[in-house]
Amino acid sequence: MTYFAEQNSIEAVNGRMSVDAPPRLRRVMAALVRHLHAFIKEVELTQEEWERAIDFLTKTGQMCSAERQEFILLSDVLGVSMLVDAINNRRPAGATENTVLGPFYVAGAPERQMGDNISSDGKGESCLYTGRVIDLQGRPIAGARVDVWSDNAEGFYSVQQPGIQDKWNNRGVFITGSDGKYEFIGIKPVSYPIPNDGPVGQLLRLLGRHPYRPAHMHFMVTAPGYQRLVTHTFVGDDPFLESDAVFGVKASLIAPFERVQDGRTVWRSYYDFVLAPIE
Ligand code: BEZ
Ligand code: FE
């Protein structure tokens with residue numbers, strides 16, 4: 001029997017795990033302990049730094065509520081959310097790429113008629129969003145559910161401003177017909193800061209990082225037999241495209257936003273969503 005020591009710390013902790021523990025848990029916990037101990041040894045963590053880390057994690061937990069998930073925000077700014085998303089959404093070439101869901105999705109948005117306006121506060125520059133939901137062979141997918149949400153012209157999602165914005169402002173669900181087409185009117189979204197009045201915001205400031213996300217429209221596209229697509233389309237000329245606070249940008253998701261003269265809206269954005277089949 002050997003007691004815990006710096007030199008054998010990983011084996012000392014992992015050796016305590018029961019061989020009867022669930023195999024996946026054993027694998028994940030063994031790797032976590034290995035990497036965590038290696039990290040602490042590499043930086044030679046001081047007692048004071050350990051206390052600051054505990055304090056930071058405590059404050060992160062205390063910031064969490066039904067409306068605010070500071071731990072997910074921490075995962076987002078560390079690139080962990082996007083890494084997990086990438087590993088779990090590897091798709092065949094040609095399929096639309098996933099990106100982070102974010103904290104502002106609300107299930108149960110009203111189902112609207114094709115072409116409807118999702119923006120009810122009368123703010124911002126109107127934009128016609130149009131395109132198709134298709135499969136890898138380019139065939140239209142009928143009955144696809146296109147759930148969309150964006151911030152308002154002042155950079156806030158409706159859930160961030162209860163009592164100020166209508167709950168379903170800049171949100172809606174559209175169901176494609178046999179042509180696979182979707183069409184709705186929203187606003188040209190604006191870049192906005194992620195919530196930064198908590199420990200994660202403080203960390204970003206200490207690191208000299210800004211909290212902004214480039215302007216985007218969120219889409220969740222689902223259809224029977226196809227993998228769920230959670231993504232955004234990004235406005236191409238946004239100054240934060242290359243420094244998104246949560247690393248959500250992918251080149252393939254930068255969509256054209258064109259000024260229009262004649263139409264019902266000031267802007268028009270066309271984007272086709274290509275769904276991959278469930279394997
Ligand atoms: C969003 O795009 O809504 C979002 C994503 C991650 C963190 C904060 C906001
Ligand atoms: Fe967003």
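The lining of the largest cavity, by class: 11 nonpolar, 2 polar and 2 charged residues. Nonpolar here means Ala, Val, Leu, Ile, Met, Phe, Trp, Tyr, Cys and Pro; charged means Asp, Glu, Lys and Arg; the others, Gly among them, are polar. A cavity is a set of points, on a 1 Å grid over the protein atoms alone, where a 1.4 Å probe fits but cannot get out; lining residues have an atom within 4 Å of a point.

Ground rules. This is a predicted model, with local features needing pLDDT of at least 70, side-chain atom pairs counting only at pLDDT 80 or more, and totals for chains, interfaces and linings using all residues. Residues are numbered from 1 along each chain as its sequence is written, chains are lettered from A and ligands numbered from 1 in the order written, and side-chain values use heavy atoms, without hydrogens and water.

Back to the cavity. Its volume is about 100 Å³, taken as the space filled by probe spheres set on the points. Of its 15 lining residues, Gly 102, Pro 103, Tyr 192, Ile 194 and Arg 213 lie nearest the centre.

What takes up this space? Ligand 1.

Now the polar atoms. The side chain of Tyr 192 has an N or O atom 2.7 Å from a ligand 1 oxygen. For His 216, a polar side-chain atom is 3.1 Å from an oxygen of ligand 1. His 218 also places a polar side-chain atom 3.1 Å from a ligand 1 oxygen.

Last, the shell around ligand 1. It divides into 7 nonpolar, 3 polar and 2 charged residues. Among them are Leu 73, Asp 76, Phe 104 and Val 246, each with a heavy atom within 4 Å of the ligand.

Key
A polar contact is a pair of N or O atoms within 3.5 Å; within protein, one must be able to donate a hydrogen and the other to accept it, and residues adjacent in sequence count only if both atoms are side-chain atoms. On a 1 Å grid over the protein atoms alone, a cavity is a set of points where a 1.4 Å probe fits but cannot get out, and a pocket is an open set with protein on both sides within 12 Å along at least five of seven lines; lining residues have an atom within 4 Å of a point. A molecule sits in a cavity or pocket if more than half of its atoms lie within 2 Å of its grid points.
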